[in-house]
Structures are given as C-alpha cells and as structure tokens.
Amino acid sequence: MKVGIVGMGRMGAAIASRLLGLGHEVTVWNRTPQKAQALASAGAKVASTPAALAAQAEAVITILSNAEAIEQAYHGAQGLLSGEVKGKLFIEMSTVRPENEKALAGKVKAKGAALIECPVGGTVGPARDGKLFGFVGGDTADVARAKPLLDQMCRRVEHVGPVGAGASMKLAINLPLLVFWQSFGEALSLCEDLGLDPARVVDIFADTSGGPNVLKGRGPMIVKAMLGQDTGPITFDVDLIRKDLRTMIDEAASQGKTLPVATQALKCFDEAAQDGMNASDAVTLPVRWMRKGKKK
Ligand SMILES: NC(=O)c1ccc[n+]([C@@H]2O[C@H](COP(=O)([O-])OP(=O)(O)OC[C@H]3O[C@@H](n4cnc5c(N)ncnc54)[C@H](OP(=O)(O)O)[C@@H]3O)[C@@H](O)[C@H]2O)c1
C-alpha cells in the first residue's frame, strides 16, 4: 500500500520503519528534513511538503507533538489538506484532546476524505515491532478500511466510539501511568534507607500490586537510573509527560471536572523540567524524587 507518514519524531520514525519492513511503499515528511534521512536510507521516499506526501499516498498517518503541530501539518501552507485528497484515508495518531480530533475529522470530511484517530499506548520499541495498543475513534466503515494497517502497527486495536473517543481513552489510560512516575519516586524514598539492590527493589514492586505493567518493560531502565547509569535512548521524555498531563487537565476542566492528583504530579514534573530534566526520560523522574528526599 502507498502510505504517507507525517512526523519523523521517535514514534513516527519507528512506525515508518515497521511499515517499510512489511513492504509498504512509504513516503515521509518531517518539518526538520534531516530527521527523515535515516528513513530515506532505509528505502522511504521523502516528500518536499505535506501536500506532496498526500498526493502520493492512499493512506496518510500523522503522529505529531501536539494540536499546534497538527494544525500546521494539515492546514499550513502546502498542508495535507491544501490539495486534492478525495477518497484518501487519514489516520491521526497524536495524543491530543478529543475536540482537536473531532474538528480535524470534520475538515477532512469536507474535502471528501475520511479520518479516523488512533492514539497509541506503548513507546518506540513496540512501535518498531508493531506491538502498540491502538485506541480508535471513527465511523465503523472508515475503521474497517484502516484495520489492516492498524493491525500491522498494533498488537491490540480497540474501537471505542466515534472520532474523539480514542483521544478520551488515551488520555484516561495515560493518567495513572504518568502519575505513577511521581508516586513511585515517593515510594522509593520510603524504602531507600533499607539499602537494597535496586534490581531487587524494582523486581519486588513488579511482582506485587505496588507495581503497574510499565515496570515489566521499563524496569531495567529504572534500575540503571537508580544506579546512576546511562538509561539508553530517550523514548518518552519529561516534556511529553507534561504535555499529556496539561492536555488531561484541560480536557477535564472543559467537562467541569478536576484532576487533583494529576495536577500535583504536573507541578512536580514542572519543577523537574526547571531543574533541566525536560528532555530526560520518564524513568529518571522517580530517582530524582528519591534523591531529593534524602537526608544530607
Ligand atoms: N514517545 C512515546 O513513547 C509516545 C508514546 C505514545 C504516544 N506518543 C505521542 O505521539 C506523538 C509523537 O511523539 P514522539 O515521541 O514521536 O515525539 P517527538 O519525537 O518529539 O516528535 C514530534 C514530531 O512532531 C513534529 N512537530 C512538532 N511541532 C511541529 C509543528 N509545529 N509542525 C510540524 N511538525 C511538528 C516534530 O517535527 P520536528 O522534528 O521538526 O521537531 C516531530 O516530527 C505525541 O503526540 C506523543 O504524545 C508518544
């Protein structure tokens, strides 16, 4: 299939690599062109503009930082919707608010094309291996059309409602995950003085109700962070966490709801960013808190 992918960030590049590996004809575009070079070397075509990408593709995937980036990619000069896109399928995979996806779907429909959203759970490794968890929103017929491609990117695809529902579900899933990074730091500060081996501590948490799923995949990285070692390539950074928390809090406010725990976690992570950790991986956050609480 002719697939266009807009956004060669960590996730977009991993998804492009996955789809190239499965034999799709992949065209990519990125605002910063240098980041598309690795994919070009792996066999992807590089489009000069989003419009040129859309012209070549049957299905267009977008996975970008935030709503502003989506606005630029779809509606900017030479944006995805600036040319003829009738009959094409758009799959929007960024983590943004439901209202952003709904507004975009309306504009895509007005051009005679279809849009489904599929924000995902899972990070760079699962994206490269086709093991993401897709939270899908869209019309049933459009989702059925996208399903073969979604199944190649995701280990599990849950169609949870019309466009906007996927974004709601993704934000909900990320709330306990993101708050966990703070609560785990607080928990570590409680047991740190026992002087146990970090690998043993993480293993105990992972094998009890004190630990969520994320410890199974990311446990080794956390252990390295606790030992002060390099944790490897950054996959989910503190700025992304802060963006997701702000998005949840704004979404809740629009519904007349409050998220006190998420709000406090955001405050703690804002402090971490002010300390220069904005581009650090999530796994370093609990360790920062553990050390912060340590008696001098
Ligand atoms: N990382 C994860 O583990 C993970 C997991 C699940 C979901 N997500 C979600 O997936 C999305 C992408 O995450 P990521 O980790 O791949 O982020 P990333 O590495 O920071 O990449 C962000 C991408 O958005 C582009 N972008 C930002 N602002 C733009 C603008 N104004 N116009 C055009 N393009 C713009 C960037 O282009 P440049 O290269 O030019 O900056 C880059 O291609 C986010 O919504 C994130 O919440 C991430």
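A polar contact here is a pair of N or O atoms within 3.5 Å; within protein, one must be able to donate a hydrogen and the other to accept it, and residues adjacent in sequence count only if both atoms are side-chain atoms.

Some ground rules. This is a predicted model, where local features need pLDDT of at least 70, side-chain atom pairs count only at pLDDT 80 or more, and totals for chains, interfaces and linings use all residues. Residues are numbered from 1 along each chain as its sequence is written, and side-chain values use heavy atoms, with hydrogens and water left out.

Now the ligand. Start with the backbone. Met8 places a backbone N or O atom 3.3 Å from a ligand oxygen. For Gly9, a polar backbone atom is 3.2 Å from an oxygen of the ligand. For Leu64, that distance is 2.8 Å, again from a polar backbone atom to a ligand oxygen.

How much of the ligand does the protein bury? Alone, the ligand exposes 900 Å², and the protein buries 90% of that. Those areas are Shrake-Rupley values with a 1.4 Å probe; for residues, only the protein chains shown count as cover.

Next, the shell. It holds 25 residues, and the closest are Asn30, Thr32, Lys35, Thr123 and Thr235. By class, eight are nonpolar, eleven polar and six charged. Nonpolar covers Ala, Val, Leu, Ile, Met, Phe, Trp, Tyr, Cys and Pro; charged covers Asp, Glu, Lys and Arg; the others, Gly among them, are polar.

Which helix gives the most to that shell? H11 does, with three residues. Helices are DSSP runs (H or I, at least four residues), numbered from the N terminus.

On to helix packing. Two packed helices are described by the angle between their axes and the distance between the axes. Axes are lines fitted to C-alpha atoms, for helices over the stretch in contact, and angles run from 0 to 180 degrees between N-to-C directions.

Take H11 and H12 (residues 260-277). Their axes come within 10 Å and cross at roughly 150 degrees. H11 and H12 are therefore roughly antiparallel, a label for angles over 145 degrees; under 35 is roughly parallel, 65 to 115 roughly perpendicular, and the rest oblique.

Last, H8 (residues 165-191) and H9 (residues 198-206). Their axes come within 12 Å and cross at roughly 125 degrees. So H8 is oblique to H9.

Methods. A residue is near a molecule or strand if one of its heavy atoms lies within 4 Å of it. Helices (H or I, at least four residues) and strands (E, at least two) are DSSP runs, numbered from the N terminus.
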